[in-house]
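Colleague: I would like to go through the labels used for this model and see what stands behind each one.

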Amino acid sequence: MKKWFVIAAITLAVSGCSSAPEGVNTFLLPPGKTLTVSHETHQPLLIVRPVEVAEHLAGNGLVYQTSATEIVEAQQNLWGEALAKQLTRRITYDLRQKQNHLWATQLTPTLSTAGASRLQVRINQFNGVYTGVANVAGEWMIIGANGNLQTVHPFEFSVPLAKDGYSAQVEALSTAVGELTTQIASAVK
């Protein structure tokens, strides 16, 4: 009897090891096109304020819409850095590449914002969808140097996933961010 108990215990231990959960995958948004640009003294500043993301997007996991009314946050496919920080950096970088009228820069405590326009982006959707696309939606606005609202633009981009999986979702989301920054750059030229 003891022999069978030992064999059963070893079998359970070995099978438990083989069914261990998969590792955690960590993702970052890929950077936009790489061009080297520098600030010219005649360029007015455009302060890119920290991007605001909807509450359901503020967690660590990538978000996926499983039906018309249900979303899930991945537990093993996580952002390597807060989504809002990645988006703020990417938008700033892309705007420097895509237009030369304004110098896009992130808000910092040492930067004087007097006389500078500000860009505020709000993201309400930033997720994969069961239909095979990635959706990015929200609004962006330009606030003039005097504090007056100059323009508000709602946006919605839907990019097909090249294949299944979270890597493809991140690539499609990145493409949508590129479309967003192209829209913003065209408006501020």
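Modeller: Start with F155 and F157, which are both buried; buried means under 20% relative accessible area, exposed over 50% and partly exposed in between, with a 1.4 Å probe and protein chains only. Bear in mind that this is a predicted model, in which local features need pLDDT of at least 70 and side-chain atom pairs count only at pLDDT 80 or more, while totals for chains, interfaces and linings use all residues. Residues are numbered from 1 along each chain as its sequence is written, and side-chain values use heavy atoms, with hydrogens and water left out.

Colleague: How many aromatic pairs does a search of the whole structure find?

Modeller: The search gives 2 aromatic pairs. Rings of Phe, Tyr and Trp (its six-membered ring) pair if their centres lie within 6.5 Å; planes under 30 degrees apart count as stacked, over 60 as edge-to-face and the rest as tilted.

Colleague: Why is the pair of W79 and F126 called tilted?

Modeller: The centres are 6.2 Å apart and the planes make 45 degrees. W79 lies in strand β5 (residues 71-79) and F126 in strand β7 (residues 117-129), so the pair ties together parts 47 residues apart in sequence. Strands (E, at least two residues) and helices (H or I, at least four) are DSSP runs, numbered from the N terminus.

Colleague: What makes W79 count as buried?

Modeller: Its relative accessibility is 8%, and the limit is under 20%. F126 is buried too, with a relative accessible area of 2%.

Colleague: And what makes the pair of F155 and F157 stacked?

Modeller: The centre-to-centre distance is 5.9 Å, and the planes are 25 degrees apart. The stacked class needs under 30 degrees, so the pair of F155 and F157 belongs there.

Colleague: Which residues have the most contacts inside the largest nonpolar core?

Modeller: They are W79, L95, L119, V121, I123 and F126, in a core of 38 residues. Such a core is a set of buried Ala, Val, Leu, Ile, Met, Phe, Trp, Tyr and Cys residues joined through side-chain atoms within 4.5 Å. The largest share of this core, 10 residues, comes from α3.

Colleague: How do you know that β4 and β5 pair?

Modeller: Two strands pair if DSSP finds at least two bridges between them. β4 and β5 are joined by 4 bridges and run antiparallel, so they qualify. They form a hairpin with 5 residues between them, and Q65 stands opposite I71 in β5.
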